[in-house]
Amino acid sequence: MGITVQIPTALRRHTAGVSTIACAATNLGELFSVLDEKFPDLKPHLRDEAGQVRRFLNIYVNEEDIRFLGGPGYSFQDGDEVLLVPSIAGGTSSSS
Amino acid sequence: MAHYELRCRECGRSWGNQPRSICDECFSPLEVTYDYDWIRYLLGEGSIDQQRSSREHIAKRPPNMWRYAELLPLPAGFEPPLPIGFTPLLQAPRLAARLAGTNDAKTAAHNLYLKNDAVCLPTLSFKDRVVAVALAQTHAFGFDTVACSSTGNLANAVAAHAARLGLKAWIFIPSDLEPAKILGTQVFGANVVRIAGNYDQVNRLCSQIAEDRHWGFVNVNLRPYYAEGSKTVGFEIAEQLGWRLPDNVVVPMAGGSLIVKIKKAFEELTKLGLVEEKPVKFFGAQATGCSPISTAVKTGSAEVEPQKPATIARSLAIGNPADGHYAIKAIKHSGGWSEDVSDPEVIDSIRLLAETEGIFAETAGGVTVGTAGKLYRQDRILPEETTVLCITGNGLKTTDVLAGVYEMERPIAPKLAEFENYLEQSVDGAEVAREAARAVGV
């Protein structure tokens with residue numbers, strides 16, 4: 001059982017430039033634990049204080065948004081490719 | 001030194017001006033912020049009646065969106081390559097009568113307006129505005145190639161503006177786009193890459209491509225600048241209403257950026273004293289087959305749940321809207337609402353708008369008009385309130401959805417008797433014939 005995880009450029013300064021890792025995580029929670037251990041500086045950029053995936057981070061498994069696969073409940077399959085992709089949003093109201 | 005810069009909307013870090021849309025510190029989106037004191041000085045020139053002076057200053061300029069240059073992120077010495085925007089704001093009395101119902105027809109007729117970007121040049125959609133602002137930065141950022149992910153209108157706009165500026169263009173689209181939108185991109189000499197997937201998959205791919213290539217992706221690394229172009233719709237609505245804000249605005253939503261930026265435009269005009277402060281309700285319009293934002297508003301959620309799009313309104317078919325969170329916030333804070341309409345309702349509404357006001361809108365326009373009808377029926381929009389519907393694209397680009405709606409008539413011989421016979425056979429024609437007979441006393 002093994003998956004690969006692609007780290008986007010915007011986060012690589014927290015991974016010492018590492019762009020891809022391989023691991024044996026079986027679900028999203030385990031994947032975050034692996035990333036926390038390997039790259040402690042990355043943790044606050046992936047999840048908020050309540051432990052939820054940050055609003056502007058999209059997670060794809062083999063090109064499919066993980067939310068369509070069951071989100072945190074999805075069990076990774078051997079060979080899955082996980083992509084972390086920033087959500088591109090265009091700003092907001094100046095007064096809010 | 002520019003009077004604007006990128007700032008992270010969450011942590012507030014300044015990023016100067018560069019092709020970037022994400023804060024490396026907190027991963028949140030960047031937004032263009034301005035030195036409003038400087039803008040006030042530029043427009044008001046220190047006069048005693050600053051409001052009057054600022055309005056007159058703008059009014060003297062050519063009728064296009066560049067008249068609001070101080071409120072856009074444009075590089076020093078920028079010379080607009082094309083006059084864009086300042087599209088008509090039209091009263092819509094016959095449409096109002098149909099949407100508001102017979103009892104309120106007269107009142108609504110005076111108060112319903114259409115902001116008609118179906119005639120925005122050069123490519124007949126509001127996307128010309130955002131692309132023009134984004135590409136203003138290409139020289140400063142050293143890009144000779146521009147790109148985008150698109151549901152069609154943006155593809156047309158990027159391709160056309162790139163041709164005008166002598167830039168190379170790479171356009172990434174879902175493979176099932178309307179033929180007219182694909183052709184209307186290819187004709188400008190752009191490289192068109194059709195992706196076997198939906199817009200959200202195309203957009204994700206572009207985010208990855210943008211990391212490795214020095215290309216100006218208007219809706220990825222140039223997105224903060226690009227999005228500012230949408231404000232010009234709001235500036236124009238206010239100026240064309242006589243420097244006042246409407247009570248309600250109904251805006252079609254795909255990524256959700258336009259509704260957020262019209263709100264920002266109204267706030268900026270208020271801040272600068274160009275309009276009187278007043279509450280404006282923002283109403284979002286989506287197709288039921290792709291309604292992540294309206295679903296969130298209607299269920300009281302602050303966040304979008306992504307959807308798989310299934311609608312003929314392909315220009316709005318974004319299942320994971322980038323600005324969804326902010327659009328929900330803008331709608332809720334304003335006291336507005338969001339609705340969605342089925343594909344048959346979209347077609348009926350395209351026809352209604354065309355038949356009542358002579359405007360042929362694309363499917364997104366059908367979504368907006370259909371939604372407005374629902375909002376009137378729900379009493380969320382009242383006939384006595386000034387209401388603006390944003391028509392964002394031209395129906396000539398989406399004629400395929402009307403295939404089968406109209407039958408091709410059997411040709412008749414070029415003889416008067418044939419025509420008289422034809423008139424008798426058609427219901428409308430029979431009425432015309434009877435009227436003609438009455439007119440000559442038969």
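Tutor: Two strands are said to pair if DSSP finds at least two bridges between them, and the strands themselves (E, at least two residues), like the helices (H or I, at least four), are DSSP runs numbered from the N terminus. This is a predicted model, in which local features need pLDDT of at least 70 and side-chain atom pairs count only at pLDDT 80 or more, while totals for chains, interfaces and linings use all residues. Residues are numbered from 1 along each chain as its sequence is written, and chains are lettered from A and ligands numbered from 1 in the order in which they are written.

Chain B is divided into domain 1 (89-123 + 230-402), domain 2 (127-227) and domain 3 (409-442), with bounds that come from an automatic or database domain assignment. An open sheet of 4 strands runs in the order β8-β7-β6-β9 of chain B, with parallel pairing; its edges are β8 (191-195) and β9 (216-217) of chain B, each of which pairs on one side only. Inside this sheet, β6 (residues 145-149) and β7 (residues 168-174) of chain B pair in the parallel sense over 5 bridges, and B:Ala147 stands opposite B:Trp170 in β7(B).

Helix α7 (residues 153-165) of chain B lies across β6 and β7 of chain B, at about 170° to β7(B), whereas helix α9 (residues 199-212) of chain B lies across β6, β7, β8 and β9 of chain B, at about 145° to β7(B).

Two residues are in contact if their C-beta atoms, placed from the backbone, lie within 7 Å, and, leaving aside neighbours within four places in sequence, B:Val158 is in contact with B:Val131, B:Val146, B:Cys148, B:Ala169, B:Ile171 and B:Val218. B:Val158 is also among the residues that touch the most other members of the largest nonpolar core, which has 147 residues, and B:Val146, B:Ala169, B:Ile171, B:Val251 and B:Leu316 are the others. Such a core is a set of buried Ala, Val, Leu, Ile, Met, Phe, Trp, Tyr and Cys residues joined through C-beta atoms within 7 Å, where buried means that 20 or more other C-beta atoms lie within 10 Å of a residue's own (exposed is 12 or fewer, partly exposed in between). In soluble globular proteins, nonpolar side chains tend to be buried together.

The centres of domain 1 and domain 2 of chain B, taken over C-alpha atoms, are separated by 25 Å, and 24 residues of domain 1 are in contact with 19 residues of domain 2. On the side of domain 1 of chain B that touches domain 2, the elements giving two or more residues are α11 (231-240) and α12 (257-271) of chain B. By class, that side of domain 1 has 9 nonpolar, 10 polar and 5 charged residues, with Ala, Val, Leu, Ile, Met, Phe, Trp, Tyr, Cys and Pro counted as nonpolar, Asp, Glu, Lys and Arg as charged, and the others, Gly among them, as polar.

For comparison, an open sheet of 6 strands in chain B has the order β4-β5-β13-β10-β11-β12, with mixed pairing. Within that sheet, β10 (residues 248-252) and β13 (residues 387-391) of chain B pair in the parallel sense over 3 bridges, and B:Val250 stands opposite B:Leu389 in β13(B).

Methods. Axes fitted to C-alpha atoms, helices over the stretch in contact; angles between N-to-C directions.
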